[in-house]
Amino acid sequence: LALLGPAPGAPCCPHGPALLFVKTSQGKEEGRRFYACSACRDRKDCNFFQWEDEKVSETRLAAREEYNRNHQPSFTHRQNMDRYKNFVLLPSSKRRFCQECQQLLLPAEWGKHSDHQFLCDITTAQLKRPSQLLYPLENKKTNAQYLFADRSCQFLLNLLVDLGFRRVLSVGTPRLHEMIQSKASQEEEYSVRSLLLDIDFRYSQFYTEDEFCHYNMFNHHFFGGEAARETCRKFLCEESGERVIMITDPPFGGLVEALASSFKKLMAMWRETEKEGDDCKEMPMFWIFPYFFESRILDFFPSFSMMDYQVDYDNHALYKHGKTGRRQSPVRIFTNLTPSIIVLPEEEGYRFCTVCQRYVSSGNQHCEICNSCTSKDGRRWKHCVLCKKCVKPSWFHCNNCNCCTLQKHSCEKTDVGCFVCGKAGHKRSACPSLSHA
């Protein structure tokens, strides 16, 4: 399956314009093209499907529009804000949150939710930390709301402040956004501002239209239309020399090419607002993603480099800080900022490599032959003379396969070729024709 990307006049599902894909078979360049949901890769979550050359009847189009309307949130963002204003005026004994509907309840609505589980006595502190009040949506392929642990969140925020950024475009990073909002409400002098772009509309109950936009990062779709797009554009607009950075933490099961396309459009939106008119400049960005996607990300953003910092999450069983070996978090920061200015905490075992001019993890030893700190996963890697590169410590050189691999593997010559284009020498995930598409 190859992504051809957003197409003009694409049909819509409840998640906005669908993306165009093509079915590929081994050795064949192209099969039949079709549209599918941009956000949900699991058909159980959104079963939208349409062949590109399919003639859709008026009746079916009308039914589809009706379906899309019925699958929109029951309240608009503005209505949610009006409800919030009324909610905060209530005494804490009358503040309830329905856990089943994931909704703040006003007293007049209690009856409708009487047989639901709800939380009582919602405090102002809880309203300022909605990511802890709401259930995380944990479908890996759609939402995958793994929320930053406080350690990683605090590190990112301190780093941004030290680097001089005062505005943060938080794309799918609700916990970082709420930490900024919370600090801003507590400290009058706090100068950092954040705008959250997220597909989770539940956040519209807690943030104004200037603080949150309902957004799908897989097709660059603002559900609030031109008004929301303008909110984002204004936020990116340079004000009194305040520097802006975009931070994004997409679902790890998401298509890299779809994400890259949206991020480039957000960068273009920022570039339009730049007064200097330097088209070559890129908006500063942190893309938080597992290290094994490095080559895919660099395909789309050659100016990026990967930092060694391990980002960890509260609600992910594996991606926790402090574990050793394979259990360490594989999630890293990819950025277009100069690596030497990204200072990593020495108390967590990071050190500065003067040759590479960047901070690296303690296990990442500099290889004199590669002339680089080569480890990707935090363990010390070893150099293979035959492969002419450093490899994982658990790998050994196999003369049959003519490369380093795990000791217990079934020897297979690589002349089987890629499943997408049929050529030898690479796997489907690294197929150049996918990048080209």
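The following exercises, each with a worked solution, concern a predicted model of a protein.

**Exercise 1.** Determine where in the protein confidence is lowest and where it is highest.

*Solution.* Next, consider the individual elements. Confidence is lowest in helix α10 (residues 432–436), with a mean of 51, and highest in strand β12 (residues 212–216), with 97. Finally, examine residues 139–143, over which pLDDT stays under 50. The model has 16 contacts beyond four places in sequence for residues 139–143. Where pLDDT is low, the predicted coordinates should not be read in detail.

**Exercise 2.** Describe how the axes of helix α5 and helix α6 cross, and state which residues meet.

*Solution.* Two packed helices are described by the angle between their axes and the distance between the axes. The axes of α5 (residues 150–162) and α6 (residues 174–186) come within 10 Å, and they cross at roughly 65°. The crossing of these two helices is right-handed. On the α5 side, D150, C153, Q154, L156 and L157 take part; they meet R175, L176, M179, I180 and K183 of α6. Sorted by class, this contact comprises six nonpolar residues, one polar residue and three charged residues.

**Exercise 3.** Is R78 buried or exposed?

*Solution.* First, locate the residue: R78 belongs to helix α2 (residues 77–89). Its relative accessible area is 55%. A residue counts as exposed over 50%, and R78 is therefore exposed.

Notes. Residues numbered from 1 in each chain as written. Predicted model: local features only at pLDDT ≥ 70, side-chain atom pairs only at ≥ 80, totals over all residues. Heavy atoms only, no water. pLDDT = per-residue confidence, 0-100. Helix = DSSP H or I, 4+ residues; strand = E, 2+ residues; numbered from the N terminus. Contact = heavy atoms within 4.5 Å. Axes fitted to C-alpha atoms, helices over the stretch in contact; angles between N-to-C directions. Left-handed = near helix turned anticlockwise from the far one by under 90°. Nonpolar A, V, L, I, M, F, W, Y, C, P; charged D, E, K, R; others polar. Buried < 20%, exposed > 50% of the residue type's maximum accessible area, 1.4 Å probe, protein only.
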